[in-house]
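Biologist: Could you take a close look at the aromatic rings here and walk me through how they pair up?

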Amino acid sequence: MLPATFKLCAGISYRHMRNMTGLRKNAIVALHHELNRLAGPDPNNWIRQVRRQSSFLGSPFKEEQGYSEEEMSYVKQGEDALQKAVSILSNQDGWTIETVAANGDKVLSKVLPEIGKVFKLEVMLEQNPDNLYKELVGNMEQMGEWNPNVKQVKILQKIGQDTMVTHELSAETPGNVVGPRDFVSVRCAKRRGSSCFLAGISTQHPKMPEQRGVVRAQNGPTCIVMRPSAEDPNKTKFTWLLSIDLKGWIPKTIINKVLSQTQVDFANHLRQRMANNTSMEMAPAC
């Protein structure tokens, strides 16, 4: 689900690591140029939102914080995943509808060079972005309590306020059509203004080698974007970009159905979780 490997990134020489700040600046300039090109003379609301809020991508990377080379590698992986995801989501062309639920929840897809097929969930949630961010980021390890498609989420390592490495174990699909998978991901969480972002991509971590009997799947770039509805700030326009390789010999038709249904199910389970949270907050104290 949420989910360049560490093996590649950790192999960067120290000379390159010293130049990381300059490399990030070049990447940021390229991202802004791409957004301007995609936007054209009349950008839509999403691209306007990204342009206004994307200044967080240019925040200085403070090497003096005492990060090790390994930690710096994870931070860079997470920020790169966020930049790639923003670039994908800002391009509105080429998306094909996979499914539309009765309540209006929609899953779209497109095929991208070097990445393959990606899926995009678009829903409106009856919660403000702050509450959703707290649940999905602050209470990340509790996801297995309310999402039956996830058995466990564990934070393996945290780097600063924005970056973490996680291990996620998925549940089997009904009929064991797709057996258990696990993911090791680096995640980058950002809050800027009224918008919230949670991006991720597969990585490696010494605390979580591949497990016997579980297929290690790959994901990323993935990204959840939450921003207030223009009509009602207490509602959230929720977008989830999903790029995933389940590995194994699974027909593409089954993969497409499983992934699109997983996104629809996630939205419903999240709604129920937030409704339960609200009920608990409103319950009178004994």
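Modeller: Ground rules to begin with: rings of Phe, Tyr and Trp (its six-membered ring) pair if their centres lie within 6.5 Å, with planes under 30 degrees apart called stacked, over 60 edge-to-face and the rest tilted. Bear in mind that this is a predicted model, where local features need pLDDT of at least 70 and side-chain atom pairs count only at pLDDT 80 or more, while totals for chains, interfaces and linings use all residues. Residues are numbered from 1 along each chain as its sequence is written, and side-chain values use heavy atoms, leaving out hydrogens and water.

Searching the whole structure turns up three aromatic pairs. In one of them, W146 and F266 are tilted, 5.7 Å centre to centre with 50° between the planes. That pair links distant parts of the chain, 120 residues apart: W146 is in helix α7 (residues 143–146) and F266 in helix α8 (residues 252–282). Helices here are DSSP runs (H or I, at least four residues), strands likewise (E, at least two), numbered from the N terminus. Both W146 and F266 are buried, meaning under 20% relative accessible area with a 1.4 Å probe, protein chains only (exposed is over 50%, partly exposed in between).

F266 also pairs with F238, again tilted, at 6.3 Å centre to centre and 35° between the planes. Here strand β11 (residues 236–242) supplies F238, 28 residues apart from F266 in helix α8, and F238 is buried as well. Put together, ring pairs join W146, F238, W240 and F266 into a cluster.
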